[in-house]
There are 2 protein chains.
Amino acid sequence: MSNPRAKHIVRDEARSEASPAKSKTEKKPRDERWRELLKAAARVFAKKGYKSTSLQDLADEIGILKGSLYYYIDSKEDLLYELVHGILDGGIANLRSIALGGGDALTRLEAVITTHVEYLVDNLAETTVFLHDIKHLSKERRETLAIDEYEQIITRLIEEGQAEGTVRDDIDSRLIGMGVLGMVNWIYRWYRPGDTVTPRSLGTFYAEMVVSGIHA
Amino acid sequence: MSNPRAKHIVRDEARSEASPAKSKTEKKPRDERWRELLKAAARVFAKKGYKSTSLQDLADEIGILKGSLYYYIDSKEDLLYELVHGILDGGIANLRSIALGGGDALTRLEAVITTHVEYLVDNLAETTVFLHDIKHLSKERRETLAIDEYEQIITRLIEEGQAEGTVRDDIDSRLIGMGVLGMVNWIYRWYRPGDTVTPRSLGTFYAEMVVSGIHA
C-alpha cells in the first residue's frame, strides 16, 4: 500500500531542489502546511461533499494556487484517503487502549462511549467526511481501512458484559452495538462548536443512558 | 412551490399528443412507470451517491432510453426532490398520528420508535438518499421540507414524559431526542434485507432500550 504522505514529501523535496523560486510557498514548515491542507479539505468536503469539491475549491479555501496542491498530492483522492485513514486510526487507537484495559466490561464501555464522543466532537468535519465519502475511495484503498473495528470493539465489550452478567443477554450484542454506535456517531449531524452542552457532558450522559438501557 | 410530478404529467401528455410513436414507452400506466423510476433512482443514488449518478446510469437501471427520462423530469434534481419529499412526508405523517394520539408519553414514544424503525427498513434506499444528498437540493426546495419535524416530534414526547414524571428531567430533552434519532436512523447504515432480525423485533428492542435508558 502506498503512503500518500510519504509520496508528497518526496515530490515536494524533488521540486524544491529543481525550482528554488517555489520557496515562497514554503514559508511555513512543510508538515504544518500539510496539516492545514488536510484541515481545509475536511472542511470543504464536509460542507460540499467530496464529489462536488474541485481542486480549485481546495486551493481557494487554503489560499494557495491550485498548481501548488501538486506539491502535496497526486489527486483529490489522496486527501480523502489521508483524512479517512487518520480519523479512523486515531479513534480506534483511543478505544482499543480503553477496551483492553482493566475494570469490568460495563465500566470500560462507559469510558469508550465518553472518549468516542469527545474525539468525534473534536473532529466533526473529518468524521463527516469519513461517514459520507468513504465510498469514493478506490476499492484497494478502502480495503486497507479497519472500518469495522469500532463496531467490533463495542460489540465485544457488550458480550463481555453479558458474560459477566451485567448486560441483558436476551438481545443480540450486535443490535445493541449498532444502537450505541448510532446514538454516538449521529452527533456529527447536529452538534456544532459552541453548543451549550460540552463534549464531556454529552459523552457522560450518553454513556449513562446506554448503561441504564442495557443493564441486566 | 412547483410540484415536479404535476409538471411531468403535463409534459408527458403534451408529448404523447405530439408524437404518438412514443406510445411504446407507455405500455405501463404512467404512474407505475413513475414509481418505478423513483425506486430505481433511490437505488442508484443510494449506491453511487447523487452527484456521481448520471441520467444515463438511471436510464440503464430502469431499462429505458436516456431521452425518455425527460417525459418524467426536467432534471436529475427533480428526482432527488421527489424522493426526499416523499420519504419525509410519509414518515412524519406516521409519527404525527401516533404522537398526537392517546396514552401516556412514554408509551407513545415507544410506538413512535417502533413505527419509525419499520418505516426506515421498508425504505432503506430512500432513507439513505434523504440522509446523504439533501444538501444537493436547491435552497428553495430544501426550504419547503419539514426536515426538523422528526426531531421535534420526539423531543416533544420526551418533554411530555418529563412533565408526567416518567422521564428523567435532569437532562436536556434535545440531547435525549438526538440520541434516540441517531440510534434509530443509524439502521440505514447496517441493516440489509434478509437480516436475521425482523424490523418489528428491532423496533421493539430499540424502543425498550430507550425507555429503560431514560426512565426517571
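## Close-up views of a two-chain model

**View 1. Chain A meets chain B.** In this predicted model, 25 residues of chain A are in contact with 25 residues of chain B. Two helices of chain A, α9 (173–185) and α11 (199–214), each supply at least two residues of the side that touches chain B. The most comes from α11(A), which gives eight residues. Sorted by class, this side of chain A has 14 nonpolar, eight polar and three charged residues.

**View 2. An axis relates the two chains.** Two copies of a chain are related by a rotation about an axis and a shift along it. Here, a rotation of 180° with 0.0 Å of shift along its axis superposes chain A on chain B. The RMSD of this superposition is 0.0 Å. That is the relation of a two-fold axis. In chain A, A:G213 has the C-alpha nearest the axis, 1.9 Å from it. Of the interface residues of chain A, 100% are also interface residues in chain B, so the copies meet through the same surface.

**View 3. Two helices pack within chain B.** Two packed helices are described by the angle between their axes and the distance between the axes. In chain B, helix α5 (residues 105–122) packs with helix α11 (residues 199–214) at an angle of about 145°. Their axes are 8 Å apart. The crossing of α5(B) and α11(B) is right-handed. From α5(B), the contact is made by B:L106, B:E110, B:I113, B:T114, B:V117, B:E118 and B:V121. From α11(B), the residues include B:P199, B:R200, B:L202, B:Y206 and B:V210. The residues of this contact divide into ten nonpolar, three polar and three charged.

**View 4. Two domains touch in chain A.** Chain A is divided into domain 1 (4–74) and domain 2 (83–214). Nine residues from domain 1 and eight residues from domain 2 of chain A take part in the contact. On the side of domain 1 that touches domain 2, six residues are nonpolar, one is polar and two are charged.

**View 5. A:G165 sits in a loop.** The loop lies between α8 (149–164) and α9 of chain A. Is A:G165 buried or exposed? A:G165 counts as exposed, because it has 9 C-beta neighbours inside 10 Å, and a residue with 12 or fewer is exposed. A:G165 and A:H215 are 50 residues apart along the chain. Their C-alpha atoms are separated by 8.9 Å.

How values were computed. Residues numbered from 1 in each chain as written. Chains lettered and ligands numbered in written order. Predicted model: local features only at pLDDT ≥ 70, side-chain atom pairs only at ≥ 80, totals over all residues. Domains from an automatic or database assignment. Contact = placed C-beta atoms within 7 Å. Nonpolar A, V, L, I, M, F, W, Y, C, P; charged D, E, K, R; others polar. Axes fitted to C-alpha atoms, helices over the stretch in contact; angles between N-to-C directions. Helix = DSSP H or I, 4+ residues; strand = E, 2+ residues; numbered from the N terminus. Left-handed = near helix turned anticlockwise from the far one by under 90°. Least-squares fit on C-alpha atoms with pLDDT ≥ 70 in both. Buried ≥ 20, exposed ≤ 12 C-beta atoms within 10 Å, placed from the backbone.
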